[in-house]
Amino acid sequence: MPSGWQFEAPLDTPILLAAQAAGIKLPSLCRNGTCRACLCQAHPGGASAPVTYRIEWPGLSRDEKRDGWLLPCCAYAGADLVIDAPDAARAAL
Ligand code: FES
């Protein structure tokens with residue numbers, strides 16, 4: 001959201017890399033869960049996003065996770081997911 005672009009996110013691929021493979025560029029810097037440049041929210045907000053993390057302490061508070069905030073650089077989709085990422089752009093492939 002809000003573009004309506006869709007992409008497949010394999011279980012073993014972080015959402016950011018899955019988007020990139022589909023030609024969608026999401027904001028990012030560190031790509032390891034610390035800088036929060038990629039921070040976005042599952043749509044609609046206010047519900048936990050169906051994602052998992054393979055790092056112990058992604059840069060999100062418990063409250064942020066509960067409210068649907070996620071870090072696509074290190075989050076893995078566990079189900080269909082709609083993210084609110086207004087700064088997403090089409091990337092050159
Ligand atoms: S790119 Fe730094 S936390 Fe995601």
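**Close-up views of a predicted model**

View 1. A disulfide is defined as a pair of cysteine sulfur atoms within 2.5 Å. For Cys-40, the closest cysteine sulfur belongs to Cys-38 and lies 6.8 Å away, which is too far for a bond. Cys-40 is buried, at 4% relative accessibility, whereas Cys-35 is partly exposed, at 34%. In these legends, buried means under 20% relative accessible area, exposed over 50%, and partly exposed in between, computed with a 1.4 Å probe on protein chains only. Residues are numbered from 1 along each chain as its sequence is written, and side-chain values use heavy atoms, with hydrogens and water left out. As the model is predicted, local features need pLDDT of at least 70 and side-chain atom pairs count only at pLDDT 80 or more, while totals for chains, interfaces and linings use all residues.

**View 2. An open sheet is built from 3 strands in the order E4-E2-E6.** The pairing in this sheet is antiparallel. Strand E4 (69–70) and strand E6 (83–84) are the edge strands, each pairing on one side only. Strand E2 (residues 40–42) is joined to E6 by 2 bridges in the antiparallel sense, and Ala-42 stands opposite Ile-83 of E6. Helices (H or I, at least four residues) and strands (E, at least two) are DSSP runs numbered from the N terminus; two strands pair if DSSP finds at least two bridges between them. In general, strands of a sheet pair through backbone hydrogen bonds, either parallel or antiparallel.

**View 3. The largest nonpolar core contains 20 residues.** Such a core is a set of buried Ala, Val, Leu, Ile, Met, Phe, Trp, Tyr and Cys residues joined through side-chain atoms within 4.5 Å. Leu-26, Val-51, Tyr-53 and Leu-70 have the most contacts inside this core. Two or more residues come from each of helix H1 (15–21), E2, strand E3 (51–53) and strand E5 (75–77). H1 gives the largest share, 3 residues.

**View 4. The largest pocket has a volume of about 580 Å³.** Its lining consists of 21 residues, of which Trp-5, Gln-6, Phe-7, Leu-81 and Val-82 are the closest to the centre. A pocket is an open set of points on a 1 Å grid over the protein atoms alone, where a 1.4 Å probe fits, with protein on both sides within 12 Å along at least five of seven lines; lining residues have an atom within 4 Å of a point. By class, 15 of the lining residues are nonpolar, 4 polar and 2 charged.

**View 5. The segment before H1 includes Pro-2 and Ser-3.** The peptide bond from Met-1 to Pro-2 is cis, with omega near 5°. Ser-3 is partly exposed, at 40% relative accessibility. The C-alpha atoms of Ser-3 and Gly-59 are 56 residues apart along the chain and separated by 26 Å.

**View 6. The loop between strand E1 (24–25) and E2 contains Arg-31 and Arg-36.** Arg-31 has a positive phi of about 60° although it is not a glycine; Arg-36 likewise has a positive phi, near 70°. Arg-31 is partly exposed, with a relative accessible area of 40%, and Arg-36 is partly exposed at 31%.

**View 7. Ala-49 occupies the loop between E2 and E3.** Ala-49 is buried, at 13% relative accessibility. From Ala-49 to Pro-27 the C-alpha distance is 19 Å, and the two residues are 22 residues apart in sequence.

Notes:
Points joined across faces, edges and corners; volume = space filled by probe spheres on them. Nonpolar A, V, L, I, M, F, W, Y, C, P; charged D, E, K, R; others polar.
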